[in-house]
Amino acid sequence: MIKNKKIDFRNAVFDQLIKIAVKKKNIFIITADISAYSLEVFKKKFKKNFFNIGITEQSMVAIACGMAMSKQKKIFAFSMIPFLTMRAYEHIKVDISSTGLPVTLIGLGSGLSFSTDGPSAHGTTDIALIRALPNFKIFNPSDPTTAMIAAKESYKSKTPSYIRLDKSQQVKLYDLKNNFSQGYIETKTGSKICIVSTGIMVQKAFEIKKILKEKKKEISIIDMFRLKPVSEIKLIKSFLKYDKIIILDENTIFGGLVPIVTDLIARHKLSKEIKIFSLPDTQCFNYGDRNWLHKKYKIDNKSVINYILR
C-alpha cells in the first residue's frame with residue numbers, strides 16, 4: 001500500500017476529467033442536483049460544458065443521449081446510484097444501452113456509503129442491473145488511482161460506461177506503474193488463499209492482509225476494479241493458483257461481485273473452495289454507521305480474519 005493522504009473518489013474522477021477537458025474541450029457534465037469540490041472547479045472553468053438539470057434523472061439520461069448523438073461530445077451524467085440506475089433504468093436501457101452511445105454514467109454512493117440514510121439510498125444491487133444491459137462497461141474503483149483510470153478509460157470508450165463511486169476518502173493503493181489493462185490487479189504473496197474483492201472492500205482486504213501478516217499468515221488479493229467486461233482467461237489463470245477463494249463484497253449476494261466470480265468459475269469448470277462474505281438477499285433496514293453495518297452483516301475485518309485463521 002502506498003502511504004499518502006486520503007482523496008475523495010469524486011475528486012479523483014473530476015480532476016482527471018478537468019485535465020482532459022483543458023486539452024480536448026469536448027467533455028460535458030450533467031448533474032441531477034448533486035456536486036463535489038472538483039465538479040465545482042470544472043463548472044467554473046467550463047461554464048458552457050456544465051448543466052445541473054435538477055432532480056430529474058430520467059430527463060438527464062435522455063438529454064445525455066441526445067447530446068451524445070452529435071458524436072463530437074463526450075457526456076458524463078452524475079447522480080446518486082439508486083436514483084441514477086433504478087429510477088432511470090428504462091431510459092438507460094432504451095436511450096443508452098440500445099443505441100450504444102458512449103455516455104458515461106457516474107453513480108455516487110456504492111454499497112453502504114450512505115449508511116444512515118436507509119435502503120432508499122443504498123447502492124447494493126446496481127451492478128447486477130447495469131451488467132444485464134448490453135454494451136456497458138462497469139468500473140468500480142477501489143482507490144483514487146483506479147478512479148482516475150476509470151475516468152480516462154470511459155473518456156476513450158466508444159461504448160457506454162458506468163462508474164460507481166464510493167462516498168468516502170481513501171488512500172491510494174496503487175500508482176501509475178501498475179498494469180491496469182486487464183481490469184484487475186493481483187497482489188501476489190505465494191499464498192494459496194486469495195481474497196477477491198472490488199471497490200471499497202479492497203481497502204478492507206488490504207487491512208486484513210496487514211493484520212494477518214503480523215500473525216505470520218499470508219494472503220493474496222485480486223482487485224476487480226472493472227466488472228464488465230472481465231478478462232476471463234487471465235482471471236481463470238489467476239484463480240488456478242489458489243486452493244481457497246474468498247469473495248468479499250459490500251453488495252447483495254445476487255447484486256454485485258459474487259455472481260460475476262461464481263459464474264466465471266462455474267463456466268470454466270474450476271474446482272475451488274469458495275467462501276462468500278457479502279450482504280444477504282434482503283433490504284437493509286438497519287440504521288447505523290458503516291462499520292456497525294459491516295459487523296451486523298459479518299463482512300467486517302474481524303469476521304474474515306477469524307475465518308482465515310480457523
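Guide: Buried means under 20% relative accessible area, exposed means over 50%, and partly exposed lies in between, with a 1.4 Å probe and protein chains only. This is a predicted model, in which local features need pLDDT of at least 70 and side-chain atom pairs count only at pLDDT 80 or more, while totals for chains, interfaces and linings use all residues. Residues are numbered from 1 along each chain as its sequence is written, and side-chain values use heavy atoms, with hydrogens and water left out.

Visitor: What radius of gyration does the protein have?

Guide: The protein has 12 helices and 14 strands (DSSP runs numbered from the N terminus: H or I of at least four residues, and E of at least two). Its C-alpha atoms fill a box of roughly 60 × 40 × 40 Å along the principal axes. The globule rule, 2.2 Å times the number of residues to the power 0.38, is applied to C-alpha atoms. For 310 residues, a compact globule would have a radius of gyration near 19 Å, and the protein agrees with this at 19 Å.

Visitor: What percentage of the residues in the protein are buried?

Guide: The protein exposes about 13900 Å², of which carbon and sulfur atoms supply 52% (Shrake-Rupley method, 1.4 Å probe). Of the 310 residues, the buried share is 58%.

Visitor: Which strands stand at the edges of the open sheet?

Guide: Five strands form this sheet in the order β9-β11-β10-β13-β14, with mixed pairing (two strands pair if DSSP finds at least two bridges between them). Each edge strand has a single partner, so one side of each is left without a neighbour in the sheet. From one strand to the next, the twist averages 15°. The edge strands are β9 (185-187) and β14 (273-279).

Visitor: Which residue in β14 is the bridge partner of Thr252?

Guide: Strand β13 (residues 244-252) and β14 run parallel and are joined by 6 bridges. For Thr252, the bridge partner in β14 is Leu279.

Visitor: What angle does the direction of helix α10 make with that of β13?

Guide: Helix α8 (residues 200-214) lies across β9, β10 (193-197), β11 (220-223) and β13, running at about 140° to β13. Angles run from 0 to 180 degrees between N-to-C directions of axes fitted to C-alpha atoms, for helices over the stretch in contact, and contact means heavy atoms within 4.5 Å. Helix α10 (residues 257-267) also packs on the sheet, where it touches β10, β13 and β14; the angle with β13 is about 145°.

Visitor: What relative accessibility does Glu273 have?

Guide: Lys244 forms a salt bridge with Glu273, the closest N and O atoms being 2.5 Å apart (side-chain nitrogen of Lys or Arg within 4 Å of a carboxyl oxygen of Asp or Glu). This pair links strand β13 to strand β14 across 29 residues. Lys244 is buried, at 18%, whereas Glu273 counts as partly exposed, with a relative accessibility of 44%.

Visitor: In which helix does Glu232 lie?

Guide: The side chains of Arg267 and Glu232 meet in a salt bridge of 2.8 Å, N to O. The pair links distant parts of the chain, 35 residues apart: Arg267 belongs to helix α10, and Glu232 to helix α9.

Visitor: Is Asp8 buried or exposed?

Guide: Asp8 and Arg10 meet through their side chains in a salt bridge of 2.9 Å, N to O. Arg10 has a relative accessible area of 16%, which counts as buried. At 9% relative accessibility, Asp8 is likewise buried.
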